[in-house]
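Dear colleague,

I am passing on the structure below, together with some notes on what was found in it. Please read the notes alongside the coordinates.

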Amino acid sequence: AVSISAGVAAITSAVPALYSHRVLLAIIFLVLVTIINLRGVRESGTIFAVPTYFFIFSMMLLIITGIYQVLTGTLAAQNPIVQAGFPAVSIFVLLRAFSSGCSALTGVEAISNGVPAFREPESENAVKTLKWMALILAVLFVGITYLSFAAKIVPTEQETVVSQLARTILGSGPLYFI
């Protein structure tokens, strides 16, 4: 559900006309993922591998291009809306941050639940997969955070930070939609 919500947010950021249909889109994708998962862990893993690798390589392209633009001084920084003051951090903000962090751990749970689907030796392959996942997560998190700071991107309700970052770094052409 977390991944589906993030995917729908990405789609509605790229195509704002779909923003009012985000709940319906999430339900459609949830049903689609459920149907695919009914095929079994190994088969659904194979089906989801292509979009997963596509996402990773696309994000790496975005980060590498963004870092190149920072180093060459060609990154066009946004003009963020500056508020007069920031509200105090409440317990609800801290709880939301905690829940967002916990949702990032769902991949760890998915790997640990899917150990029997790994090839022999299952446990060694699962450990390798977890290490790669941690490395990819760290690179994506640090890269997106650094570039968002460098480009002065601020979160908005209607467009994701990654969408704003991609538009700033890659423009509004085909690479933005990828």
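**Salt bridge**

A search of the whole structure, which is a predicted model, finds one salt bridge (a side-chain nitrogen of Lys or Arg within 4 Å of a carboxyl oxygen of Asp or Glu). The pair consists of R167 and E159, whose closest N and O atoms are 2.4 Å apart. R167 is partly exposed, with a relative accessible area of 31%, whereas E159, at 16%, counts as buried; here buried means under 20% relative accessible area, exposed over 50%, and partly exposed in between (1.4 Å probe, protein chains only). Side chains of opposite charge can pair when their charged atoms come close.

**Conventions**

Residues are numbered from 1 along each chain as its sequence is written, and side-chain values use heavy atoms, with hydrogens and water left out. Because the model is predicted, local features need pLDDT of at least 70 and side-chain atom pairs count only at pLDDT 80 or more, while totals for chains, interfaces and linings use all residues.

**Overall make-up**

The chain holds eight helices and zero strands, both taken as DSSP runs numbered from the N terminus (helices H or I, at least four residues; strands E, at least two). Of its 178 residues, 20% are buried. The accessible surface of the chain comes to about 12,600 Å², of which 72% belongs to carbon and sulfur atoms, as computed by the Shrake-Rupley method with a 1.4 Å probe, where for residues only the protein chains shown count as cover. Among contacts (heavy atoms within 4.5 Å) between residues at least 6 apart in sequence, 55% join residues at least 24 apart.

Leaving aside residues up to four places away in sequence, L62 touches L147, V162, L165, A166, I169 and L170.

I67 is found in helix α3 and counts as partly exposed because its relative accessibility is 34%. I67 and A150 are 83 residues apart in sequence and 9.4 Å apart in space, C-alpha to C-alpha. S163, found in helix α7, is buried, with a relative accessible area of 7%; not counting residues up to four places away in sequence, S163 touches S13 and Y176.
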